[in-house]
Amino acid sequence: MNWLQSECVILKEKPFKEKDRLVTFLAKDKGRLTGIAKSAKVLTGRGVGAFEPFTRGTIHYLEKSGSDLVTIRKCDPTPPFLMLHHNYEQFLFASYFTELVVLCPISPADAPVFYDLLTHGLDRLAAGDEDFRVVRLRFEMDFLTCLGVQPRWGRCAQCGKTLYQKSGGGYRLLQGAPHKFDLKRGVLCPACPGHGSGVFVVSPQVMEFVGVWLDPHQTDSGPPMAGVLAQLEAVVSAQVMAHLERVPRSMALLPDPADIL
Ligand SMILES: [Zn+2]
């Protein structure tokens, strides 16, 4: 038998039949796979904990021709272990990150990029030294980039006008007036019209923050002000929902952007 092994993150699992577990994982070199872990429901030397969501490790599995399900022999967990029992909020955000990875299409070629996205996001939650809302915002923005649907923030989607000027310290916003974000089109400059559902007004402070945040040479821009964070959360979460064409179940449990204004 040709056992395969891969670095993985466990995305979800549930009991299956009498003794088994049905486990969905993200394999770094393959993408998202679901398989049956035999006898994993019984507490044995193999350990149930190895298949708990957010666990990272090396998974050993077998592909079967004619079946979407793989057979999982074991998962050897590797640190860091996300100690989620102590922090419910951390658990909610981690659940949201993994649900996004469950809901989106992932080709084998894109698998390493999504693997890095997820492990990086979980690492930042595990470190616990940042506002989880900021970690979420960064995760969602990077998620949109991984999906290839990150809008071009630097140009008006209607007239094509450049919105920022490159300066020594990053990108400087050219017009200090409210811009708009249209879910269907992208960013609109102050002069171009945009209204109706799916159009958000974004303050110049939000635009300035994005200009700094999306500058690849800017490594530490500092966290956004509360008002900027709330506006960006609303815009970026709406983009995520629009591209997934659904509301992730775990999203409803996260703090509402309006609560932090
Ligand atoms: Zn315009």
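The legends below describe close-up views of a predicted model.

**Figure 1. Lysine 17 in the loop between β1 and β2.** Lysine 17 lies in the loop that separates β1 from β2. Although lysine 17 is not a glycine, its phi is positive, at about 55°. Lysine 17 has 10 other C-beta atoms within 10 Å and is therefore exposed.

**Figure 2. Phenylalanine 54 in the loop between β3 and β4.** Phenylalanine 54 is located in the loop between β3 and β4. Its phi is positive, about 80°, although phenylalanine 54 is not a glycine. Phenylalanine 54 has 23 C-beta neighbours inside 10 Å and so counts as buried.

**Figure 3. The closed barrel of 5 strands.** The barrel runs in the order β1-β2-β3-β5-β4, and its pairing is mixed. From one strand to the next, the twist averages 55°. Strands β1 and β4 pair in the antiparallel sense over 6 bridges, and serine 6 stands opposite isoleucine 59 in β4. Strand β4 is also joined by 6 bridges to β5 (residues 69–77), and these two strands run antiparallel. Histidine 60 has lysine 74 of β5 as its bridge partner. A hairpin is formed by β4 and β5, with 6 residues between them. In the turn of this hairpin, glycine 66 has a positive phi of about 80°.

Figure 4. Helix α2 lies across β1, β2, β3 and β4 (56–62), running at about 105° to β2.

**Figure 5. The contact between helices α1 and α2.** Helix α1 (residues 88–103) and helix α2 (residues 111–127) pack at an angle of about 175°, and their axes are 10 Å apart. Since angles over 145 degrees count as roughly antiparallel, α1 and α2 are therefore roughly antiparallel to each other. From α1, the contact involves Gln90, Phe93, Ala94, Phe97, Thr98 and Val101. From α2, Phe114, Leu118, Gly121, Leu122 and Leu125 take part. By class, this contact of α1 with α2 comprises 8 nonpolar, 3 polar and no charged residues.

**Figure 6. The contact between helices α1 and α3.** The angle between α1 and α3 is about 5°, and their axes are 11 Å apart. This angle makes α1 roughly parallel to α3. Glu89, Gln90, Phe93, Tyr96, Phe97 and Leu100 of α1 meet Phe132, Val135, Arg136, Phe139 and Phe143 of α3. The contact of α1 with α3 has 8 nonpolar, 1 polar and 2 charged residues.

**Figure 7. Serine 95 and serine 250.** Serine 95 belongs to helix α1. It has 21 C-beta neighbours inside 10 Å and so counts as buried. Serine 95 and serine 250 are separated by 155 residues in sequence, whereas their C-alpha atoms are 6.4 Å apart in space.

**Figure 8. The open sheet of 3 strands.** The strands of this sheet follow the order β9-β8-β10, with antiparallel pairing. The edge strands, β9 (186–188) and β10 (199–202), each pair on one side only. The twist averages 25° from one strand to the next. Strand β8 (residues 179–182) runs antiparallel to β10, and 4 bridges join the two. Lysine 180 stands opposite valine 201 in β10.

**Figure 9. Helix α5 and its packing partners.** Helix α5 (residues 226–244) has 19 residues, which at 1.5 Å a residue should span 27 Å; the end C-alpha atoms are 27 Å apart, in agreement with this value. The buried residues of α5 are Leu229, Ala230, Gln231, Leu232, Glu233, Val235, Val236, Gln239 and Val240. These buried residues pack against α1, α3 (132–147), β8, β10 and α4 (204–213). Glutamate 245 follows α5 and has a positive phi, near 60°.

Methods:
Residues numbered from 1 in each chain as written. Predicted model: local features only at pLDDT ≥ 70, side-chain atom pairs only at ≥ 80, totals over all residues. Pairing = 2+ DSSP bridges. Axes fitted to C-alpha atoms, helices over the stretch in contact; angles between N-to-C directions. Parallel < 35°, antiparallel > 145°, perpendicular 65-115°, else oblique. Contact = placed C-beta atoms within 7 Å. Nonpolar A, V, L, I, M, F, W, Y, C, P; charged D, E, K, R; others polar. Expected span 1.5 Å × (residues − 1). Buried ≥ 20, exposed ≤ 12 C-beta atoms within 10 Å, placed from the backbone.
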